[in-house]
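Keep the 3D view open as you read.

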Amino acid sequence: VQLVVSGGDLVPVGGSLRLSCAATGGIFSILNWGWFRQAPGKQREVVATINNLGSVNYADSVEGRFTISRDNAKNTVYLQMNRLYPEDTGAYYCNTPLQILQWGQGTQVTVSS
């Protein structure tokens, strides 16, 4: 399975972005998926997960602002990010929650104050 992440950008505080993660060559629909981010100088952390039945979970820091979703027909998982803060800045990646797949290149999100 290859993971191609897109949608990162430079946005002002309070702005919105939608990230996409397209998975190729695998069994997308039966896997659980997660979005992760890594801020400069910090460890990678999970921000949202969605299982194969559509149940979702969020990190406290993004609850109410981020929405994870999936489209099994397109083999794609999304992360809608609203009301962005400078602390949301980082490289964003997708993977299964257990991180069993090879990491893709990620996409950079920069929130300017």
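E45 is partly exposed, with a relative accessible area of 36%. Its side chain meets that of R37 in a salt bridge, 2.8 Å from N to O. R37, on the other hand, counts as buried because its relative accessibility is 6%, and the cut-off for buried is under 20%. Keep in mind as you look around that this is a predicted model.

Now, what else does R37 form a salt bridge with? The partner is D88, and the closest N and O atoms are 2.8 Å apart. This pair ties together distant parts of the chain: R37 sits in strand β4, D88 sits in the loop between β8 and β9, and 51 residues separate them. Both R37 and D88 are buried.

D88 also forms a salt bridge with R65, where the closest N and O atoms are 2.7 Å apart. Again distant parts of the chain are linked, this time over 23 residues, with R65 in the loop between β6 (56-58) and β7 and D88 in the loop between β8 and β9. The structure holds 3 salt bridges.

From here, turn to the strands. Look for an open sheet of 4 strands, in the order β1-β3-β8-β7, with antiparallel pairing. β1 (2-6) and β7 (66-71) are the edge strands, each pairing on one side only. From one strand to the next, the twist averages 15 degrees.

β1 and strand β3 (residues 17-24) run antiparallel and are joined by 5 bridges; V4, for instance, has A22 in β3 as its bridge partner. Next, β3 and β8 run antiparallel, joined by 6 bridges, and here C21 has V77 in β8 as its bridge partner. Finally, β7 pairs with strand β8 (residues 76-81) in the antiparallel sense over 6 bridges, with D71 partnered by T76 in β8.

What about the nonpolar side chains? In soluble globular proteins, these tend to be buried together. Here the largest nonpolar core has 27 residues, and the ones that touch the most other members are W33, W35, I68, V77, L79, M81 and Y92. At least two residues of this core come from each of β1, β3, β4 (33-38), β5 (45-50), β7, β8, β9 (90-95) and β10. The biggest contribution is from β3, with 4 residues.

Setting aside its neighbours within four places in sequence, L79 is in contact with L17, R18, L19, W35, V47, A48, F66, T67, I68 and Y92.

One last stop is T107, which lies in strand β10 (residues 107-112). Is T107 buried or exposed? Its relative accessible area is 10%, so T107 is buried. A polar atom of the T107 side chain lies 2.9 Å from the backbone nitrogen of G8. Beyond neighbours within four places in sequence, the contacts of T107 are V5, S6, G7, G8, L19, G90, A91 and Y92.

Methods: Residues numbered from 1 in each chain as written. Predicted model: local features only at pLDDT ≥ 70, side-chain atom pairs only at ≥ 80, totals over all residues. Heavy atoms only, no water. Pairing = 2+ DSSP bridges. Axes fitted to C-alpha atoms, helices over the stretch in contact; angles between N-to-C directions. Buried < 20%, exposed > 50% of the residue type's maximum accessible area, 1.4 Å probe, protein only. Polar contact = N/O pair within 3.5 Å; in protein donor to acceptor, adjacent residues only side chain to side chain. Contact = heavy atoms within 4.5 Å. Core = buried A, V, L, I, M, F, W, Y, C linked by side-chain atoms within 4.5 Å. Salt bridge = Lys/Arg side-chain N within 4 Å of Asp/Glu carboxyl O.
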